[in-house]
Amino acid sequence: MSHNSFGHLFRVTTWGESHGPAIGAVIDGCPPRIPLTEADIQPFLDRRRPGQSRFTTQRQEPDQVRILSGVYTETDGIQYTTGTPIGLEITNVDQRSKDYSAIGNQFRPGHADFTYDAKYGIRDPRGGGRSSARETAMRVAAGAVARRIIPGVTIRGALVQIGPHRIDRNRWDWAEVDNNPFFCPDAGSVDLFTTYLDGIRKAGSSIGAVIEIVAEGVPPGLGAPIYGKLDGDLAAAMMSINAVKGVEIGAGFGAAELTGEENADEIRLGNDGAPYFRSNHAGGILGGISTGQPVVARFAVKPTSSILTTRQSIDRFGNEIDIMTKGRHDPCVGIRAVPVGEAMMACVIADHFLRHRGQVG
C-alpha cells in the first residue's frame with residue numbers, strides 16, 4: 001500500500017492499523033533547533049482522544065505519544081529538534097478485535113471494505129485497519145510539531161453543523177469551543193446538538209457534520225500559482241481525512257450565489273499604510289497565494305458507516321447478505337475531526353512556509 005506520505009519540505013509519513021500494536025509517524029524536513037518535547041504534542045492528542053463523552057466511540061485509548069528520534073537535549077537542558085527525521089509512536093491498548101470477527105468476509109456499506117479488497121485482494125476488517133480514523137491521531141501529533149515551525153500563526157477549529165442543524169454565527173465565541181463536547185463555538189446550539197445527537201445515538205444510527213478551520217496570522221505570499229496553490233494543497237489535505245466528502249475555501253460553494261460586486265474583497269489602506277481587505281470571501285487566498293487575511297477552510301464529514309441498522313450488502317464470495325456492524329463507534333465522527341482538521345491546516349501551512357522561505361529567502 002503506497003501513498004502514506006504528504007507534504008514536500010515538511011513531509012509526514014504515517015504507519016499502523018487500528019488494531020495493530022501501535023500507530024506512528026515519521027516527520028521529515030523539520031528544521032533544527034526547535035524546542036520540542038512530548039509535552040508539546042500531548043495536549044493536541046488529548047483533544048482528539050476517544051471516549052471523552054457519550055457522543056464519541058467509547059474505545060479507551062490514552063494516546064500517549066513517544067518521541068523516538070530527531071531530538072537532542074543540549075547543554076542548556078532544552079530538548080531541540082536536530083533536523084533529522086522525527087519518529088513518533090502511540091501504543092494501542094484497547095483493541096477489541098472480536099467485535100469484527102463476524103464481518104471478516106463481508107463488505108460493510110459505506111466503508112472501504114470493498115475497494116480495499118478490490119485493489120489489494122486482502123484487507124484488515126478489525127476497525128477498518130489502515131482505513132480507520134485511528135490513523136488520524138498521528139496527523140494530530142504531526143500537526144503539533146508543524147505549529148512550532150510557523151511563529152505567529154494561530155490555528156483553531158470548530159464544529160458548525162450537525163445534520164441539518166447549523167450554529168448561529170452571530171453568537172460565535174472561540175472561548176466556547178473547549179467548554180462543550182462538540183467543539184461548538186455557539187453556546188446556544190449545545191443543548192440542541194445534545195438532544196439531537198442523543199436521539200441519533202440511541203437509535204444506533206449516525207449523522208454527518210461540517211467543520212470550520214481558521215488560521216490567523218498567516219503571512220502574505222505562501223503558496224504558488226497553478227500547481228502549488230495553497231488552497232489546492234489545503235483541499236487535498238482536508239479531503240484526505242477519513243469520511244470527508246467535501247471541502248470549501250472562504251465563501252466556497254456560497255460564492256456561486258454572490259454577484260461579482262459582493263464576492264470581490266475590496267482593498268484599502270490602513271492608518272499605518274498597510275493594505276487591508278474589507279471582507280474575506282476568498283478565505284485568505286487569491287491565485288493560490290495567501291493574502292495575509294485569515295485562511296478559512298470548511299469540510300463536510302459523512303455519517304459514520306458503522307451503524308446498528310441492518311443494511312444490504314455482499315460478501316467476498318459473491319453472496320448477497322444483510323449486515324449489521326457491532327462494536328464501539330462514533331455516532332458523529334465529525335466531532336473528533338476538529339483537531340484533525342486543525343492539524344492538517346498546520347502541516348500544510350508549515351510546508352508552504354518552508355517552501356516560501358526556500359524560494360524567496
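**Salt bridges and cavities**

R139 forms a salt bridge with E135, and their closest N and O atoms are 2.9 Å apart. The model is predicted. R139 counts as buried because its relative accessibility is 7%, under the 20% cut-off. E135 is buried too, at a relative accessible area of 11%.

Side chains of opposite charge can pair when their charged atoms come close. The structure holds 22 salt bridges. One of them joins E342 to R147, with 3.0 Å between the closest N and O atoms. E342 lies in helix 7 (residues 337–360) and R147 in helix 3 (residues 136–147), so this pair ties together parts that are 195 residues apart in sequence. E342 is buried, with a relative accessible area of 3%. R147 and E342 also belong to a network of salt bridges that links them with R47 and D178.

E212 forms a salt bridge with R298, the closest N and O atoms being 2.9 Å apart. This pair links distant parts of the chain: E212 is in strand 10 (residues 209–216) and R298 in strand 16 (residues 295–301), 86 residues apart. E212 is buried at 6% relative accessibility. R298 is buried at 14% relative accessible area.

The largest cavity holds about 90 Å³ of space. Its lining includes R48, N242, V301 and R336. By class, this lining has 6 nonpolar, 2 polar and 2 charged residues. The second largest cavity holds about 50 Å³. Among the residues that line the second largest cavity are P109, S305, R311 and M324. Its lining divides into 4 nonpolar, 3 polar and 1 charged residues.

Definitions and conventions
Residues are numbered from 1 along each chain as its sequence is written. This is a predicted model: local features need pLDDT of at least 70, side-chain atom pairs count only at pLDDT 80 or more; totals for chains, interfaces and linings use all residues. Side-chain values use heavy atoms; hydrogens and water are left out. On a 1 Å grid over the protein atoms alone, a cavity is a set of points where a 1.4 Å probe fits but cannot get out, and a pocket is an open set with protein on both sides within 12 Å along at least five of seven lines; lining residues have an atom within 4 Å of a point. Grid points are joined across faces, edges and corners, and a volume is the space filled by probe spheres set on the points. Ala, Val, Leu, Ile, Met, Phe, Trp, Tyr, Cys and Pro count as nonpolar, Asp, Glu, Lys and Arg as charged, and the others, Gly among them, as polar. A salt bridge is a side-chain nitrogen of Lys or Arg within 4 Å of a carboxyl oxygen of Asp or Glu. Buried means under 20% relative accessible area, exposed over 50%, partly exposed in between (1.4 Å probe, protein chains only). Helices (H or I, at least four residues) and strands (E, at least two) are DSSP runs, numbered from the N terminus.
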